[in-house]
Amino acid sequence: DLNRIAERFVSRVAETLVVDRMALMVADEDAPAFESVSAAGFDRRPSPLRADSEIGARLVAGHIVALDDPIAAGEFSPEEIEVWHALGLSYFIPCVSNEGTIAVLALGRKETGEPLNSEDTALLATVAGQMATTLENARLYRQLHVKALELDRLRTFNENILESLDDGLLVVTLDDRIVRWNSALEQLYGVQRLEAVGKTLNQVLDPALVDAIRAARRDT
């Protein structure tokens, strides 16, 4: 589950590095931006980080952004830097997968007010790579879960249609094994669905009716 993974991840990293605030921002599938899915240390959820901004473009290219570094910060406009400093965020680590940058780790300073050192950012870069794989798997799982729900709704819809028919409906596999036996057929033939499904035509139907079904199938 993406949300549960994000919450646990933010909590663990924030505790390990003892930072005052942190957010995990995941790429929006419908807009060129990274949306916060979990955050710690904020009064309100951080604003989205646009992928087409100066900082966003740098992250999309797979580079770490450290606004506490005067040289690195010189690549960005003062207005954009001020937006993130106002939120208490100074470090942005891209989570890069085979699809590109799919998320960003946004962090503030240490709780003591000290900036993160090179060892901290190196650790974050390693963790970010692992997180990218995890997020990719979580996204695939979510997509699979959505498809499974859609298939289940479609199956229920089809069953309702079949059960609403006044005519008996029989569905068999290529080797004549029964996989569908609707309510109307129960009444017409006097055999319950549970007794029929899974068995072959010869085990359930009269020989003359089996021959008629096979003849109709050959003819069509």
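Start by selecting Ser90, which sits in the loop between helix H4 (78-86) and strand S5. Helices (H or I, at least four residues) and strands (E, at least two) are DSSP runs, numbered from the N terminus. The model is predicted: local features need pLDDT of at least 70, side-chain atom pairs count only at pLDDT 80 or more, and totals for chains, interfaces and linings use all residues. Residues are numbered from 1 along each chain as its sequence is written, and side-chain values use heavy atoms, with hydrogens and water left out.

Ser90 is buried, at a relative accessible area of 4%. Buried means under 20% relative accessible area, exposed over 50%, and partly exposed in between (1.4 Å probe, protein chains only). Now show the contacts of Ser90, where contact means heavy atoms within 4.5 Å. Not counting residues up to four places away in sequence, Ser90 touches Val65, Ala66, Leu67, Asp68, His85, Leu107, Gly108 and Arg109.

Next, select Leu59 in helix H2 (residues 54-60). Leu59 is buried, with a relative accessible area of 0%. Apart from neighbours within four places in sequence, its contacts are Leu49, Val65, Phe92, Ile93, Pro94, Thr101 and Val104.

Move on to helix H5 (residues 118-164). H5 has 47 residues and spans 68 Å from first C-alpha to last, close to the 69 Å expected at 1.5 Å a residue; the expected span is 1.5 Å times one less than the number of residues. At its N-terminal end, Asn117 is the cap, with a side-chain oxygen 3.0 Å from the backbone nitrogen of Glu119.

Colour the buried residues of H5, among them Leu124, Met131, Leu135 and Arg139. The buried residues of H5 pack against H1, strand S1 (22-27), strand S5 (91-97) and strand S6 (100-107). Thr134 also lies in H5, but is partly exposed, with a relative accessible area of 31%.

Finally, show helix H1 (residues 2-17) beside H5: they pack at an angle of about 170 degrees, with axes 10 Å apart. The two helices are therefore roughly antiparallel to each other, a term for angles over 145 degrees. In H1, Leu2, Ile5, Phe9, Val13 and Leu17 meet residues of H5 including Leu123, Val127, Thr134 and Ala138. The residues of this contact divide into 11 nonpolar, 1 polar and 2 charged.

Notes:
Axes fitted to C-alpha atoms, helices over the stretch in contact; angles between N-to-C directions. Parallel < 35°, antiparallel > 145°, perpendicular 65-115°, else oblique. Nonpolar A, V, L, I, M, F, W, Y, C, P; charged D, E, K, R; others polar. Polar contact = N/O pair within 3.5 Å; in protein donor to acceptor, adjacent residues only side chain to side chain.
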